[in-house]
Amino acid sequence: MKIVIIGAGVAGAILAHRLHGLPGIELLCLERVGLGDHAEAGTGLNVGPNAIKALRRADPALAAEVEAASLPWNRWTTSLADGTVLADLPLPQVADNPGIRIRWSELYRVLRTAAGTAIRYGCTITGIGRDPARPGCTVVEWTQGSQAYRMDGIDLLVGCDGRYSDVRAAFSGAPEPHHIGAAIGRALVEDSSGGLIDDYGQWFNGDHRLLAFRVKPGHVYIAATFPTEPGAPVRPEWSTEAVVRAAWQPTSGKPLSAQMQWLLDAFCGALADSHWARVQESEPRFAEPDAGVLYLGDSAHGMVPTLGQGATQAMEDACAAALILEREIRAGSWDVRAWLATIEAARLERVRFVMALSVAATDTLLAGADPVAGTRWKTEPPFLADLARLYRDVALGDASATPAAEPVAG
Ligand SMILES: Cc1cc2nc3c(=O)[nH]c(=O)nc-3n(C[C@H](O)[C@H](O)[C@H](O)COP(=O)(O)OP(=O)(O)OC[C@H]3O[C@@H](n4cnc5c(N)ncnc54)[C@H](O)[C@@H]3O)c2cc1C
């Protein structure tokens with residue numbers, strides 16, 4: 001049985017690690033970048049408690065390594081730019097375990113190192129399609145260095161190649177982006193805050209939001225949000241100091257809080273290196289069953305970043321797929337269509353819920369938003385129940401989902 005994974009990012013590296021060495025499997029994971037090249041991953045990630053819960057279940061040793069390379073995410077505070085606290089949520093109120101805060105490059109390093117020789121680096125895909133000789137199978141051609149390779153008769157092809165997935169484009173067509181009406185600029189800065197910035201915080205001024213948290217080693221991740229027309233391009237002036245400082249000048253007339261002052265100074269100092277993207281999502285799709293193709297992570301579902309669920313869901317996807325595939329393979333069940341149906345059944349409804357909640361929580365990023373009202377409903381029981389469902393009810397296609405998740409009083 002030939003299984004090929006395209007992309008060794010968050011989802012691909014986790015899956016490659018778990019499938020590597022399973023009996024009856026010839027596994028290849030082809031990654032575009034070179035070994036040790038995590039340069040494309042410059043900023044920080046807050047990964048939800050649900051991803052850590054899933055990884056602890058699917059791959060406890062890997063979960064321990066990821067947690068050791070990160071800082072725990074235990075608390076979520078929301079304030080105004082002048083320091084007025086709007087919400088302060090201890091995550092144990094809605095989660096069974098902490099999330100994590102980690103440099104993106106560090107997450108890649110840990111996951112790719114664990115997958116070891118299962119990953120082939122520096123691969124350029126030159127051809128991808130259905131196998132004309134074997135219905136239900138696929139063919140992949142690639143180069144690595146000066147060598148050209150081809151594998152045909154692939155029984156399961158897994159697209160883990162991220163947001164602009166060539167695999168999904170080849171078999172299902174590229175998904176249409178749905179723009180929500182905000183753009184985010186991100187930067188990773190050295191932590192000279194003297195302890196002012198640590199766990200996950202958000203600071204609002206009208207419809208502008210700064211988000212920040214500390215990551216190992218000695219850095220702070222900062223993300224600044226500007227509202228915009230859905231689909232409008234990122235505006236160059238958002239990367240200018242004058243515009244950024246004006247956007248977070250407190251509407252209350254009070255001075256900036258000490259935290260905000262440091263964050264603004266640090267973000268303005270890093271504007272030249274900031275990375276900007278529009279907030280968008282795309283229709284989820286997990287499989288192209290008649291071709292034996294599976295999509296996981298961003299290739300399966302573009303996700304708005306408001307609740308930090310992009311990498312988080314990529315981890316849940318990979319854990320679910322790993323557990324299901326391992327169970328089927330060890331049971332001697334080699335029906336790829338049945339595998340795909342089981343994975344999609346485990347994941348699709350869950351991902352739709354996460355996407356809808358992420359969009360609902362984006363209200364405070366949209367033009368004209370009131371951060372006080374927009375934060376208030378997020379402190380009330382219905383939203384807390386949804387957060388508890390998000391963080392506790394991981395959907396792995398096994399017995400791990402805890403049905404009736406309720407927030408714990410506190
Ligand atoms: C700036 C930024 C900040 C973010 N912050 C957060 C956050 O705080 N929390 C969170 O949960 N999510 C966050 N996300 C989203 C998160 O990074 C993604 O959702 C996550 O990385 C998706 O994982 P993945 O495995 O699907 O794809 P990726 O991690 O993108 O991995 C795709 C892999 O495929 C490889 N690849 C691509 N094309 C090919 C090809 N043709 N051939 C071979 N290899 C290929 C790439 O090199 C890469 O290694 C953020 C995203 C961005 C851009």
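Modeller: Buried means under 20% relative accessible area, and exposed means over 50%. Keep that cut-off in mind. The model here is predicted.

Biologist: Is Q280 buried or exposed?

Modeller: Q280 has a relative accessible area of 16%, so Q280 is buried. Q280 sits in strand β17, residues 275-282.

Biologist: Which residues is Q280 in contact with, leaving aside neighbours within four places in sequence?

Modeller: The list is R163, P177, H178, H179, I180, G302, M303 and V304.

Biologist: Now a loop residue. Where does T362 lie, and is T362 buried or exposed?

Modeller: T362 belongs to the loop between α9 and α10 (371-376). Its relative accessibility is 1%, so T362 counts as buried. Not counting residues up to four places away in sequence, T362 touches I180, V304 and T306.

Biologist: How do I read a whole helix?

Modeller: Start with the general rule. An α-helix has 3.6 residues a turn, so residues three or four places apart point the same way. Then look at length and burial. Helix α11, residues 381-392, has twelve residues. From first C-alpha to last, α11 reaches 16 Å, close to the 16 Å expected at 1.5 Å a residue.

Biologist: Which residues of α11 are buried, and what do they pack against?

Modeller: The buried ones are F383, L384, L387, A388, L390, Y391 and R392. They pack against α2 (49-58), β4 (71-73), β5 (75-80), β6 (85-90) and α9 (336-360).

Biologist: How many residues of α2 are buried?

Modeller: Eight of the ten are buried, so α2 is largely enclosed by the rest of the structure. The eight are P49, N50, A51, I52, K53, A54, L55 and A58.

Biologist: Next, the backbone. What should I check at a peptide bond?

Modeller: Most peptide bonds are trans. A cis bond joins K216 and P217 here, with omega about -15°. P217 is in the loop between β15 (208-215) and β16 (219-227).

Biologist: Last, the ligand. Which residues come nearest?

Modeller: The ligand has 32 residues around it, and A11, E31, N46, Y108 and D298 come nearest.

Biologist: How much of the ligand does the protein bury?

Modeller: Taken alone, the ligand exposes 1,000 Å², and the protein buries 90% of that.

Biologist: Which elements give two or more residues to the shell?

Modeller: They are α1 (10-19), β3 (44-47), α4 (104-115) and α8 (310-330). The largest share, four residues, comes from α8.

Biologist: What kinds of residue make up that shell?

Modeller: The shell divides into 14 nonpolar, eleven polar and seven charged residues.

Methods: Residues are numbered from 1 along each chain as its sequence is written. This is a predicted model: local features need pLDDT of at least 70, side-chain atom pairs count only at pLDDT 80 or more; totals for chains, interfaces and linings use all residues. Side-chain values use heavy atoms; hydrogens and water are left out. A residue is near a molecule or strand if one of its heavy atoms lies within 4 Å of it. Accessible areas come from the Shrake-Rupley method with a 1.4 Å probe; for residues, only the protein chains shown count as cover. Ala, Val, Leu, Ile, Met, Phe, Trp, Tyr, Cys and Pro count as nonpolar, Asp, Glu, Lys and Arg as charged, and the others, Gly among them, as polar. Buried means under 20% relative accessible area, exposed over 50%, partly exposed in between (1.4 Å probe, protein chains only). Contact means heavy atoms within 4.5 Å. The expected span of a helix is 1.5 Å times one less than its number of residues.
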